[in-house]
Amino acid sequence: MPALICVARIGAAHGVRGAVKLWTFTEDPFAVKRYGPLLSKDGRRQFELAQVREAKDHLVATFKGVTTRDEAERLNGIELYVSRDKLPATDEHEYYHADLIGLDAVTTDGDALGRVLAIHNFGAGDIIEIAPLKGATMLLPFTNAVVPEVDLAGGRVVIALPQEIEGDKDEDPTTSRPGEGRDP
């Protein structure tokens with residue numbers, strides 16, 4: 001089975017006739033209707049959209065076979081997926097998260113660094129999460145400066161590790177407080 005990509009998440013019931021709030025993760029929110037049946041994460045359940053309309057910051061949708069509020073409430077929280085091959089091709093330097101997860105991460109010198117675990121966005125830009133061969137997980141900015149090369153065909157991303165900023169070595173952190181200067 002081809003990789004599945006999450007394109008939406010079902011929210012709370014909306015009204016009494018089986019409608020739900022639908023949060024989409026596609027550039028065009030209405031694209032979810034064009035992908036055909038949507039699948040649950042395990043691929044066992046199919047959901048076919050009957051109607052979709054725009055709301056304030058989400059869509060309101062009905063699914064075929066869901067006609068009551070109780071049925072709609074049972075769908076709350078289900079993530080909806082489509083097969084990767086149903087999605088449009090990406091532009092240069094654009095990637096689906098699923099295409100990046102699992103790639104090997106190497107340094108600019110070609111040394112093995114680890115594997116890509118996830119791509120996050122906490123509101124200040126994309127973050128690439130790397131599981132190193134040893135040590136703690138690394139969260140790095142997913143920028144051209146830090147990730148200068150993505151080689152999907154080669155199964156790897158090149159990471160230019162940022163330089164660490166060294167602190168003042170002779171300062172005792174237990175005796176000074178932020179904003180206080182040191183005596184001359």
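This note goes through strand pairing and salt bridges in a predicted model.

1. Basis. Residues are numbered from 1 along each chain as its sequence is written, and side-chain values use heavy atoms, with hydrogens and water left out. Because the model is predicted, local features need pLDDT of at least 70 and side-chain atom pairs count only at pLDDT 80 or more, while totals for chains, interfaces and linings use all residues.

2. Strands. Helices (H or I, at least four residues) and strands (E, at least two) are DSSP runs, numbered from the N terminus; two strands pair if DSSP finds at least two bridges between them. Strand β1 (residues 4-14) pairs with β2 (residues 19-24) in the antiparallel sense over five bridges, and I10 has L22 in β2 as its bridge partner. Four residues lie between the strands of this hairpin, where G15 takes a positive phi near 80 degrees. Strand β2 also runs antiparallel to β6 (residues 59-63), joined by three bridges; K21 has V60 in β6 as its bridge partner.

3. Salt bridges. With a salt bridge defined as a side-chain nitrogen of Lys or Arg within 4 Å of a carboxyl oxygen of Asp or Glu, the count comes to seven. One of them joins D28 and R34, with the closest N and O atoms 3.1 Å apart.

4. A link between loops. E48 forms a salt bridge with K64, the closest N and O atoms being 3.0 Å apart. This pair links distant parts of the chain, 16 residues apart: E48 is in the loop between β4 (46-47) and β5 (49-54), K64 in the loop between β6 and α1 (69-73).

5. A network. E149 and R156 meet in a salt bridge (3.5 Å, N to O). Salt bridges that share partners join E149, D151 and R156 into one network.
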